[in-house]
Amino acid sequence: MPVIPQISSERDISKEKHEDETEGEDGEIIRIPLILQPLHKMLKYLTDLVQSMLLDVKIGDLCTVVPHTDSYIFAMGYLLAWIELLEFISSSPSQIRLGYETHLEEMELLSSMFSNVFSFMPENPILCLKKGFKLESPKKEDLKLLFIKPPQLNSVPPSSEEIQSIACYVFATALRTVPASIRQWWNNLDRKSADIVNAVTSKYVSALLCTAEIQAVHENEKQFENLMVQARPGSREVIATYTIDDCAIELCVQLPTNYPLGPISAERRGKVVIGQQEWRHWLMQLTTVLTYQNGSILDGLTIWKRNLDKKFEGVEECMICYYILHSSTLKLPKLSCHVCRKKFHSACLYKWFRTSNNFTCPLCRNEFAM
């Protein structure tokens, strides 16, 4: 029987603390907290074991794990480890979340997790409800228990359905926590597999996540000054109206029926009182946050509003990305060229220096003095 590696002592961890790190967009090194490094080490090991179990299992097939076996222990440990890691990522600040996700992608743990967890999910969720949650006659509306209720260990005897029900929860948690990564994984699947994942997500999870997104906006709408927000759960829409003086700018964000797999749409309503090109840039930034950076609607609206605030305060946009707020760091352009006086985001300028292999201003090409 393979032996699960023991968690390193605090002394051992300190020696390895520079191994698990990734580079941020502005060149800053994002180190994975020491408390997570043993979990990463465990996940690497368990991932290899689980993938060997699922070697001949394709998406759409069900891998039934028999209780009281080594496979059951490894599958359970794998799923529980991912629950802990996803919950940790979910509770972290947005910029740190992006760093963690990048790190996990570089380790090739995320994409394999999506496929592995999906293979553990049940063909008939009703059976999991009946055995795992002790429901005599489970109804369709009870299915949400599988995807939103954390697993209650030791509440029922070990069973194949227990693994399946926990897999449902992990899959839903991943959809909620790292939607951009799971969307990319889904887009890279073959047509048949993608259709299967889409059908399961749309039928069991999308409505729950859409409701949670809309509800979060509704609960926080009063925190925005000069911004009126209308949440429309029925149409999965959020209408935001920014008002300053006699000017009103309206934005509509709509979630797809297969959220978060499908693209989120963001479009203007009514007249645009700012430049068309600038408006397109802001819509593109909003879409980027929602589609590629695991941002919530609330995150996107916050960035959109801050862009408008700074625009009307007279803040100039970065002359590289043409955004006022950087898409990832959310910082203002503060580094200015001593010759042309144009300002840039530190992240954009760092990327320019790195890709161009010189330290000149992107506009006037004079040497850039930091």
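The exercises below, each with a worked solution, concern one predicted model.

Residues are numbered from 1 along each chain as its sequence is written, and side-chain values use heavy atoms, with hydrogens and water left out. Local features need pLDDT of at least 70 and side-chain atom pairs count only at pLDDT 80 or more, while totals for chains, interfaces and linings use all residues.

**Exercise 1. The chain as a whole**

State how many helices and strands the protein chain has, and what share of its residues is buried.

Solution. Step 1: helices (H or I, at least four residues) and strands (E, at least two) are taken as DSSP runs, numbered from the N terminus. Counted this way, the protein chain has 13 helices and eight strands.
Step 1: a residue is buried under 20% relative accessible area, exposed over 50% and partly exposed in between (1.4 Å probe, protein chains only). Of the 370 residues, 48% are buried.
Step 2: a contact means heavy atoms within 4.5 Å. Among contacts with a separation of 6 or more, 59% come from residues 24 or more positions apart.

**Exercise 2. Helices α3 and α5**

Describe how the axes of α3 and α5 cross, and which residues make the contact.

Solution. Step 1: two packed helices are described by the angle between their axes and the distance between the axes. Axes are lines fitted to C-alpha atoms, for helices over the stretch in contact, with angles from 0 to 180 degrees between N-to-C directions.
Step 1: the axes of α3 (residues 70–90) and α5 (residues 110–120) come within 12 Å and cross at roughly 125°.
Step 2: under 35 degrees is roughly parallel, over 145 roughly antiparallel, 65 to 115 roughly perpendicular, and the rest oblique. The two helices are therefore oblique to each other.
Step 3: on the α3 side the contact is made by A75, Y78, L79, W82 and L86, and on the α5 side by L110, S112, M113, N116, V117 and F120.
Step 4: Ala, Val, Leu, Ile, Met, Phe, Trp, Tyr, Cys and Pro count as nonpolar, Asp, Glu, Lys and Arg as charged, and the others, Gly among them, as polar. By these classes the contact of α3 with α5 has nine nonpolar, two polar and no charged residues.

**Exercise 3. Cysteines and F344**

Find how many disulfides the structure holds, and what F344 touches.

Solution. Step 1: a disulfide is a pair of cysteine sulfur atoms within 2.5 Å. The structure holds zero disulfides. For C318, the nearest cysteine sulfur is that of C348, 3.9 Å away.
Step 1: C318 is buried, at 0% relative accessibility, and C63 is buried at 12%.
Step 2: F344 lies in strand β8 (residues 343–344) and is buried, with a relative accessible area of 0%. Leaving out residues up to four places away in sequence, the residues that F344 touches include C318, M319, I320, C337, C361 and F368.
Step 3: the C-alpha atoms of F344 and E316 are 9.3 Å apart, although 28 residues separate them along the chain.

**Exercise 4. Backbone exceptions**

Solution. Step 1: most residues other than glycine have a negative phi, and most peptide bonds are trans.
Step 1: P260 is in the loop between β5 (247–254) and β6 (265–269).
Step 2: R341 is in the loop between β7 (335–336) and β8 and is exposed, at 59% relative accessibility.
Step 3: R365 is in the segment after α13 (346–356) and is exposed, at 52%.
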